[in-house]
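Please read it alongside the sequence and the coordinates.

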Amino acid sequence: MAVGPSLGRRLPVMADVAKEAGVSHQTVSRVLNDHPNVRSETRTRVLEAIDKLGYRRNLVARALVTKRSRTLGVVSFDTTLYGPASTVYGIEQAARSAGYFVSIVSLKSIDKSGVRDALDYLADQAVDGVVVVAPQRSAAQALADLPLGIPTVAVEGGHAGDVSVVCVDQIAGGRLATEHLLSLGHETVWHVRGPSDWLEAEGRVAGWRAALEQAGRQAPQPLAGDWSPRSGYEAGRSLARMKNVTAVFVANDQMALGVLRAFTEQGVRVPDQVSVVGFDDIPESAYFSPPLTTIRQDFDAVGRHSIEVLVRQLEGGPEERQRLVVPPTFVLRASTLRV
């Protein structure tokens, strides 16, 4: 257990660690930088000395020597929403696992001026690279138009110019949800979509339409939502008044919660009369009434891949634009039923 320096004493420096471990200053440096040419018993002795003394490396001095701050910037939008918040968390965890600190800038809206201001702010902090969570069309356009002078990766960024993109296959997710409902014998599938300016919403609509077209079914007019349970509730009230609705794909779980509430109030039984599928697999979806069949997004994988792509750029890897697509997963619960 580290005891650290007592109150009133100076903070330990690398020379103190070297003296405690009985090694040279250079050997301590090699251990701190994870150099392979250090014997295991020597490495253990140095780490024990670090722990005993409570040594903390001087990151400012290290940055001056290496020209790297070991800090990555993250630009995000509306982190109160489950998707962006989970994406940012996945990015932060992946960055820390890769040995980087994270500086996060959260914008009320991502547009050209907002992204430029955020990048200027992060550049002033000397970050090594930036991940921009860009789920809206305006955000992707902002990245495509900006002359970026710092390595950058976009998450859910569509086709953001010369910037590498990591995203979940939203089209495949929409297809999975719709094909499941069709496989249960439903004639068609209604859809409560997300906001029209969100790339994720567009992808889910495209997957829904593609699955219906492939099955030779007519696509009903989708109902508009804004990701909130309230908008799902309003859409659910409209759907409950329609006699021919037997299956609904809702573009996120929070709107699906509103749909379920509206159906319950209108006496529509789920899944006996109407089957419902959501999207995201939020932690609460397993405890909805009934538990929600949904599409899971692997936010940890998105975070891990975005950091991997960025670190490869920082370490002199290929500079050409990359596009990594993470597949979604179907999660079967009790809100769907064969007709």
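Helices (H or I, at least four residues) and strands (E, at least two) are taken here as DSSP runs, numbered from the N terminus. On that basis the chain has 12 helices and 12 strands. The model is a predicted one, in which local features need pLDDT of at least 70 and side-chain atom pairs count only at pLDDT 80 or more, while totals for chains, interfaces and linings use all residues. Residues are numbered from 1 along each chain as its sequence is written, and side-chain values use heavy atoms, with hydrogens and water left out.

Of the 339 residues in the chain, 50% are buried, where buried means under 20% relative accessible area, exposed over 50%, and partly exposed in between (1.4 Å probe, protein chains only). Contact means heavy atoms within 4.5 Å, and among contacts between residues at least 6 apart in sequence, 71% join residues at least 24 apart.

**Nonpolar cores**

A nonpolar core is a set of buried Ala, Val, Leu, Ile, Met, Phe, Trp, Tyr and Cys residues joined through side-chain atoms within 4.5 Å. The largest such core has 27 residues, and those with the most contacts inside it are Val192, Leu239, Val248, Val250, Phe263 and Val276. At least two residues of this core come from each of β6 (190–193), α10 (229–240), β8 (247–250) and α11 (253–265), with α11 giving the most, 5 residues. A second, separate core of 22 residues includes Leu72, Ile91, Tyr100 and Val302. Returning to Val250, and not counting residues up to four places away in sequence, its contacts include Val192, Met255, Val259, Val276 and Phe279.

**Helix packing**

Axes are lines fitted to C-alpha atoms, for helices over the stretch in contact, and angles run from 0 to 180 degrees between N-to-C directions. Angles under 35 degrees count as roughly parallel, over 145 as roughly antiparallel, 65 to 115 as roughly perpendicular and the rest as oblique.

| Helix pair | Axis separation | Angle |
|---|---|---|
| α10 and α11 | within 6 Å | roughly 40° |
| α2 (25–32) and α3 (40–53) | 10 Å | about 90° |

The helices α10 and α11 are therefore oblique to each other, and the residues making their contact include Tyr233 and Leu239 of α10 and Met255 and Phe263 of α11. By contrast, α2 and α3 are therefore roughly perpendicular to each other, their contact being made by Thr27, Val28, Val31 and Leu32 of α2 and Thr42, Arg43, Val46, Leu47 and Ile50 of α3.

Just after α5, Gly99 takes a positive phi of about 90°.

Thr71 is placed in strand β1 and counts as buried because its relative accessibility is 16%; leaving out residues up to four places away in sequence, Thr71 touches Tyr100, Phe101, Ser103, Val127, Asp128 and Gly129. Glu156 lies in the loop between β4 and β5 (164–168) and, at 9% relative accessibility, also counts as buried. The C-alpha atoms of Glu156 and Val166, 10 residues apart along the chain, are separated by 6.2 Å. Beyond neighbours within four places in sequence, the contacts of Glu156 include Ala134, Pro135, Val166, Leu199 and Gln297.
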